[in-house]
Each structure stands twice: as structure tokens, then as C-alpha cells.
Amino acid sequence: MKKFSNLLSPYQGLPREVYIIFLARVVNAIGAFVWPMMTLILTKKIGLSTSEAGFWIAVSGLLSMPASLIGGKLTDTIGRKPVLLFCEGTAVLLFGACAFVEPSMPMVYMMMGAGVFFMMADPAHSSMIADLTTVENRAGAYSLSYLGFNLGFAIGPIIGGMLFENHLKWFFLGDSITGLASLALVFFFIKETIPSQNEEIKQAELESEASEEGSILAVLFRRPLLIWFALFALGYNFVYSQWGFLLPMHVEAMNPGEGAALYGKLASLNGFTVILFTPLITKGFENLRETKKIVIGGIGYVIGFGMLGFVESKAAFILACFIITLGEIIVTISFMPFLANHTPASHRGRMNAVLPIVMGLGFTFGPLIVGNLIPRYAISGTWKIVAIIAIISTIAMQFLDQAEGKSSRIKKETEEIA
């Protein structure tokens, strides 16, 4: 029992609001049907080719960029809560409206609109957790939020996979209803978290979190580490975008007519793996720098995605997905704490918009580029190209980790001399 309590120690003693966010993430993810099945909606239901599907997913990503910037600015000026409620509320209502539209291009436009509003809300969500936490408990808070999503996601894709073929109306309505229920928890139980100027000074336990004057670009140029981090993370996201794009096509090619249901089971396996291993990894890696953790996660991507270019048996396929999921856990629980620990409190909303835009280019261009590689290199050859990109990104992150480690040592030695 003591060992179990130690395992959960990163999640203990967090602010009450963090636990509400955790519960809201669980509820929302139970009905997260649309995004995991986006590729199959575009190809199987609407009838687009793989390259056309990649194009529209990329267009959606490009439209989300200015939306994220607007959301970040509003998050720092109006507040976290109103931006989150309005933007996510609009997005889930658009999903609900898709239930009453035949599979067609208008449905594509509505889903793209939902994606834009979700991106507007994202800086508010990330900033809210950063506001509520300190450097000591921040990694645990982001890990708990991630765990909450996957608790729901372990169930959601199975339901979504069953509804996809013959009950598309309830497929969209289910996503919308659970999204609204999640927002209700935020509305009733979480107050505005944006800090006042005095609170910003009090919260700035790290020099890197101290408030600054000037535009977001001026702040970024004073912190080049963040720019390099975002560029290298772009490669990671390019690779991981294939979990939702190339993987469902691979599953469908291996099992014609059963791809949606089988991919839903794989996604649920991913969710259950996250549930079981996130506390272990969070506790086991709590003393490592965030960049070091991300390098280790990148190695998991190299092995897992690389295996998919060679596997022939179902057991090897499942093993590859399991290794990818371990890499995903390590990378995901490290990205946001790194950004929060290096961002001034005065610019959290904007930083949580600008840098994820750069990082998100991997998700934007991943489907577009890979969709055009498949006809030339087939699925197996395309997986090998994805693995090469994972290798390059991991090596780049290793150099960044070494630079951050050297900077930390120099700063520590300077403080000791002083």
C-alpha cells in the first residue's frame, strides 16, 4: 500500500481545481469519437482519396494557427475561463450539428470549424493549469490532466468504433453531449485563474517565470531555447500525427471492412496503456530534466514507428503500438511543463498559442506529406520514412538537452560562488 501511495505522490496535494479539470477531461474523452476517426470519416464516409484527406486535414491545421494566436491573446486579456467556455462550447455544438448533415463537404467544413474553435480554447486550458501550479507540482498536474483524458479515451473509441458504421448521427451527438457536460464542470466549479500583477510576482519562483514587458516575439527572442525546442518538437509531432492518419489506413488495409472497429480497439489499448503506465513513468522520471525525458520518448517513437514498416504478424503490430504509447506518455507529460517552466507568467496565454502553432506544424503537414508518399512508397515504405524523421528529431532534442544541462550547471556554479 505504501508503494502504491508513493506511486501516486505526484498527484497528491494538488489544487482542487486541478482535480476538476481531471474529471472534466475524463468526461470529455469518453465521447471523443470524431478526431480519432477523422481519416476514416473523410475517406470511408465522404469518399475522399488519401491525398485529399491529407489536404483537408492540413488546411484545418493551417486555419487553426491564427485561431490559436487569437485565443492566446484573449486568454491573457479577457481571461482563461470565458475563452475556454465560449470556444470549446462552439466547437462541440458544431460537432452536434454534423449529426444532421449527410456525409459531404459541408460536413468537412463544419468539422474544420470545430477544429478552429478547439485551437482557440487550447491556450486557455494550458494556461489555467500553469496558473494553478508551481514548478514543484506542475509536472504532476499536467500528467494528471493527460491521464484523465486517457481514462475516458480507453472507453470512447470502442463506442465510437461501434457507432461509426451504422449510427453516424449518434457518433457526432455523443461527442457533442459529453463535451458540453465537461464544460459544465468548468463553469460551475472553477473560478477565473488569470493572476493579477502581484500574484504573477509571487508565483515567479523561477527566474524564467518572472513577468516581462513587451510583445510575445520580443519575449521569444530573449528566450531562444524555447524557439529551438518548438522546432524540434515539430518533428516529434510530425511523427506522432501518423497515429491518427497512417495507422488507421494500415489497419484498414490489413483488415478490409473492419478498420474502424479494429482501430477503435487499438486506440483503447493505447488509452489503457496510458492509464497503467503514466503514474509509473511520472514517478520514475520525476528527477530528470524535461528535455531528457523527451529524448527517451523519442527513442520509443523510433522503435515503435520503425517496427510498423516491417511487421507482418498481429502480435508484432500490437507490440509496436505499445512501444509508441510508452513514448507518447513520456513526451506528452514533458512538453507542457517545459513550456510552463520557461514562460513568463505575463505571457502564458500567448506563449501557449505561438509555440504550439510551431510544434503543431508537424500535425498539420504530417498527413499532407504522408498522404502523398503512400502511393509512391506504399504503407510499409512510408513508415520507414517516418522512422527516419523520428531519429533526426530525437538526435536534435538530445543536443538541446545537453545545452540546457550545461546552462543549468553554469548557473548553479555561479550561485554557489555568489
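Helix H5 crosses helix H9 in a left-handed fashion in this predicted model. H5 covers residues 80-98 and H9 covers residues 168-189; their axes come within 7 Å and cross at roughly 165 degrees. An angle over 145 degrees counts as roughly antiparallel, so that's how H5 and H9 run relative to each other.

Who's touching whom? On the H5 side, the contact uses Lys-81, Leu-84, Leu-85, Glu-88, Gly-89, Val-92, Leu-93, Phe-95, Gly-96 and Cys-98. H9 brings Phe-172, Leu-173, Asp-175, Ser-176, Gly-179, Leu-180, Leu-183, Val-186 and Phe-187. Sorted by class, that contact comes to twelve nonpolar, four polar and three charged residues.

Now for the cysteines. If you're looking for disulfides, a search of the whole structure turns up zero. Take Cys-98, one of the H5 contact residues: the nearest cysteine sulfur belongs to Cys-87 and sits 18 Å away, whereas a disulfide needs the two sulfurs within 2.5 Å. Cys-98 is also buried, and Cys-321 is buried too.

| Cysteine | Relative accessible area |
|---|---|
| Cys-98 | 1% |
| Cys-321 | 2% |

Next up is helix H8, residues 156-166. Which of its residues are buried? They are Gly-156, Pro-157, Gly-160, Gly-161, Leu-163 and Phe-164. Their cover includes H9, along with helix H2 (16-30), helix H3 (38-45), helix H7 (138-153) and helix H14 (259-284).

Notes. Residues numbered from 1 in each chain as written. Predicted model: local features only at pLDDT ≥ 70, side-chain atom pairs only at ≥ 80, totals over all residues. Heavy atoms only, no water. Axes fitted to C-alpha atoms, helices over the stretch in contact; angles between N-to-C directions. Helix = DSSP H or I, 4+ residues; strand = E, 2+ residues; numbered from the N terminus. Parallel < 35°, antiparallel > 145°, perpendicular 65-115°, else oblique. Left-handed = near helix turned anticlockwise from the far one by under 90°. Contact = heavy atoms within 4.5 Å. Nonpolar A, V, L, I, M, F, W, Y, C, P; charged D, E, K, R; others polar. Buried < 20%, exposed > 50% of the residue type's maximum accessible area, 1.4 Å probe, protein only.
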